[in-house]
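Student: I'd like to learn how to read a protein model feature by feature. Could you take me through one?

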Amino acid sequence: MKITIIHGQSHDGSTCHIARSLAEKLGGEVTEFFLPRDFREFCVGCTACFEESEKKCPHYEKLLPITKAIDDADVLILASPVYVFHVTGAMKALLDHYGWRFMVHRPEEKMFSKQAVCISTAAGAGMKSTNKDMAHSTFYWGIAKTYQFGVAVMEVSWERVSAKKKLAINKKLERLARKIKKKQSHVNPALKTRAFFMAMRIAQKHGFNKADADYWQEKGWTGKKRPWKA
């Protein structure tokens with residue numbers, strides 16, 4: 001199993017510990033990126049990725065190692081501490097660069113056989129809205145199954161989190177890891193994902209964006225072919 005972790009911060013905090021712990025329980029080859037250390041660019045809104053090609057993005061080359069790791073992974077872990085009830089600015093900046101991968105544009109076929117986990121922690125609240133920020137992208141990318149794992153650690157550093165809290169987190173992670181491993185051999189998109197894909201298929205038949213319409217036709221998705229197993 002290949003696992004890619006994208007950390008929404010560059011320090012080794014509670015969110016980082018939990019993401020790494022889950023990866024360890026899953027086993028396999030782990031690739032990690034820390035934001036903004038490994039990618040710090042902001043989308044400039046040029047729309048070149050939509051209208052022409054993602055390769056026209058001014059940050060395409062810098063983004064390429066992360067894109068490749070996402071594509072190669074069986075399980076993608078997006079991990080962000082709660083910043084004012086949402087993801088970190090660095091995580092948001094990264095996700096902004098993948099708008100062209102939404103199903104309304106040019107989704108990557110590999111996404112439809114992957115699992116993802118959105119992890120967030122806070123000293124108090126905000127995990128639900130933070131995980132939702134990341135899960136929006138994993139859904140619209142077409143990822144087959146997304147889990148959300150939010151924890152109020154009640155501290156600002158992992159070292160100060162109580163032993164009781166850490167034990168409870170560990171037990172939940174073990175259950176989550178079992179679910180992911182059990183599903184890995186036969187993961188397929190949920191009905192909601194398939195339904196949205198089919199709606200986009202109808203839209204692409206009309207070809208409102210040439211780059212997108214050409215992509216869908218080349219994939220055979222406007223015909224009978226689908227990006228998931230029958």
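Predicted model: local features only at pLDDT ≥ 70, side-chain atom pairs only at ≥ 80, totals over all residues.

Student: Which residues line the largest cavity?

Tutor: The lining consists of Cys49, Glu54, Cys57, Tyr60, Leu63, Leu64, Thr67, His97, Tyr98 and Trp100. Helix H3, residues 60-72, gives the most to that lining, with four residues. The space in the largest cavity is about 60 Å³, and the count of cavities of 30 Å³ or more comes to one.

Student: Which elements supply the lining of the largest pocket?

Tutor: Helix H5 (127-141), E5 and helix H7 (191-206) each supply at least two residues. H5 has the largest share of the lining, six residues. Sorted by class, the pocket lining has six nonpolar, five polar and three charged residues.

Student: Let's zoom out. How many helices and strands are there?

Tutor: The protein has eight helices and five strands. To see how they follow one another, read along the sequence: the pattern is β-α-β-α-α-β-α-β-α-β-α-α-α.

Student: What does the radius of gyration say about the overall shape?

Tutor: You compare it with what a compact globule of that length would have. For 230 residues that would be near 17 Å, and the protein has 18 Å, which agrees. Along its principal axes, the C-alpha trace spans about 55 × 40 × 30 Å.

Student: What share of the residues counts as buried?

Tutor: The figure is 50% of the 230 residues.

Student: Can we try a single residue? Is threonine 4 buried or exposed?

Tutor: The idea is to check the relative accessible area against a cut-off. Threonine 4 has a relative accessible area of 3%, and buried means under 20%, so threonine 4 is buried. As for its place, threonine 4 is found in strand E1, residues 2-7.

Student: What does the side chain of threonine 4 reach?

Tutor: It reaches the backbone oxygen of alanine 69, at 2.8 Å. Leaving aside neighbours within four places in sequence, threonine 4 is in contact with Thr31, Phe33, Ala69, Ile70, Ala73, Val75, Leu76 and Ile77.

Student: Let's do one in a helix. Where is alanine 23, and what does it touch?

Tutor: Alanine 23 is in helix H1, residues 14-26. Not counting residues up to four places away in sequence, alanine 23 touches Ile3, Ile5, Val30 and Ile77. With a relative accessible area of 4%, alanine 23 is buried.

Student: Now the backbone. What should I look for there?

Tutor: Then look for departures. The peptide bond from leucine 35 to proline 36 is cis, with omega near 5°. Proline 36 sits in the loop between strand E2 (29-34) and helix H2 (48-51).

Student: Which residues have a positive phi although they are not glycine?

Tutor: Two to look at are valine 84, with a phi of about 40°, and methionine 154, with a phi of about 65°.

Student: Where does valine 84 lie, and is it buried or exposed?

Tutor: Valine 84 lies in the loop between strand E3 (75-81) and helix H4 (89-96). Its relative accessibility is 76%, so valine 84 counts as exposed.

Student: And where is methionine 154?

Tutor: Methionine 154 is in the loop between strand E5 (145-152) and helix H6 (163-183). At 53% relative accessibility, methionine 154 counts as exposed, given that the cut-off is over 50%.

Conventions. Residues numbered from 1 in each chain as written. Heavy atoms only, no water. 1 Å grid on protein atoms, 1.4 Å probe; cavity = no way out; pocket = protein on both sides within 12 Å on 5 of 7 lines; lining within 4 Å. Points joined across faces, edges and corners; volume = space filled by probe spheres on them. Buried < 20%, exposed > 50% of the residue type's maximum accessible area, 1.4 Å probe, protein only. Polar contact = N/O pair within 3.5 Å; in protein donor to acceptor, adjacent residues only side chain to side chain. Contact = heavy atoms within 4.5 Å. Rg over C-alpha atoms; globule rule 2.2 N^0.38 Å. Nonpolar A, V, L, I, M, F, W, Y, C, P; charged D, E, K, R; others polar.
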